[in-house]
Amino acid sequence: MCFFFLTETRSRSRMEVSNDVFVVFSWVKAFTFVFGVLLNGVVCLTLLKYRSLLTKVNILIFSMAISDLLSSALPASFSMAADIEKRWIFKDWGCNVTGFLASLTGGVSITHLAAVAYDRYETFELKKKKLFSTDTRTKYIAILCWLFSFVVAIAPVLGWSNYKIEGVGTSCAIHFASSEVNSVSYTVVIFMVYFFVPLLVIFFSYYKVYTSLKKMKNNADNLWGKMSDMAKKTAKLEQKMAILLLIMSLGFILAWTPYAVVSLISACRGTEWIEKIAASIPAIIAKSSSLCNPIVYFLMYKRFRNKAKELLKTYFCSKKI
């Protein structure tokens, strides 16, 4: 994996971390904690209250919102408390818990995004849907994504690699910098299952969706002339949902790619090759991605937005007895 980095590793002086850095980091994590919990909480409550919204795709969105809610509530709050104290205060157990939860929720998000991308591919390309043919099968796929991510995330706790304090010392992640075979093998596996394979599925699926939509546009006159108004409306809604899900996928990828690059460099060259602050910033951006999905959903899905407003009005504007 490290054949891209052929030059010799040289030692670098480590920059001292100022108090201002910890203050900024703590505020960013506080923002992630508050708004991540609120926004994803609203998504979960809205989809639970208005079951008509729980289409096959929205079952996966609901499952992702639970993951994002968990990510915002726990890893972010632990790390925020450590930034306030300017050191890791939760010992090894806390490092294992937060590292596990960050890995679990990151894995759940990327596997779900790959699943919804493939669902769009099935919708536009295949005459007969296979994996996502029913709501029940979609629920099973969501459960499998959670189970798969759980197995991958728990492995370091059980001894295959380990979770270690990273960056400025206020968060924990997989020990990418270790040169031991045990850790290197896990690093290779996690890059494959949490990054390269899901990206391949996402890009392949949306490329096929793009070619299908282009074909529909080119044949619009013949196609729309033969279709009923209801069929036209359904097709346009499916197109809009595909665009929404693509934006969610791109948002996640853009948030996590810098962290993946830094982790890859650490795995190949060691932590001395990257300054502490430079290692922490991509991690903060990645773990703030839990805000991306609900924001995109609110902005682009009008029916959901209306139901969410209705839910909030019911809760906050109910008549006092």
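A search of the whole structure, which is a predicted model, finds 18 aromatic pairs, where rings of Phe, Tyr and Trp (its six-membered ring) pair if their centres lie within 6.5 Å, and where planes under 30 degrees apart count as stacked, over 60 as edge-to-face and the rest as tilted. Among them, Trp 256 and Tyr 259 form an edge-to-face pair, with 5.7 Å from centre to centre and 80° between the planes. Both residues lie in helix α8 (residues 229-269), 3 residues apart, or about one turn of the helix, helices being DSSP runs (H or I, at least four residues) and strands likewise (E, at least two), numbered from the N terminus. Trp 256 and Tyr 259 are both buried, that is, under 20% relative accessible area, with exposed meaning over 50% and partly exposed in between (1.4 Å probe, protein chains only). The ring centres of Tyr 297 and Tyr 301 are 5.2 Å apart and their planes stand at 75°, so this pair is also edge-to-face, and both tyrosines are buried.

The bond joins Cys 95 and Cys 172, whose sulfur atoms are 2.1 Å apart, and it links distant parts of the chain, with Cys 95 in helix α4 (residues 91-125) and Cys 172 in strand β2 (residues 171-174), 77 residues apart. Both cysteines, Cys 95 and Cys 172, are buried.

Residues are numbered from 1 along each chain as its sequence is written, and side-chain values use heavy atoms, with hydrogens and water left out. Local features need pLDDT of at least 70 and side-chain atom pairs count only at pLDDT 80 or more, whereas totals for chains, interfaces and linings use all residues.

Key
A disulfide is a pair of cysteine sulfur atoms within 2.5 Å.
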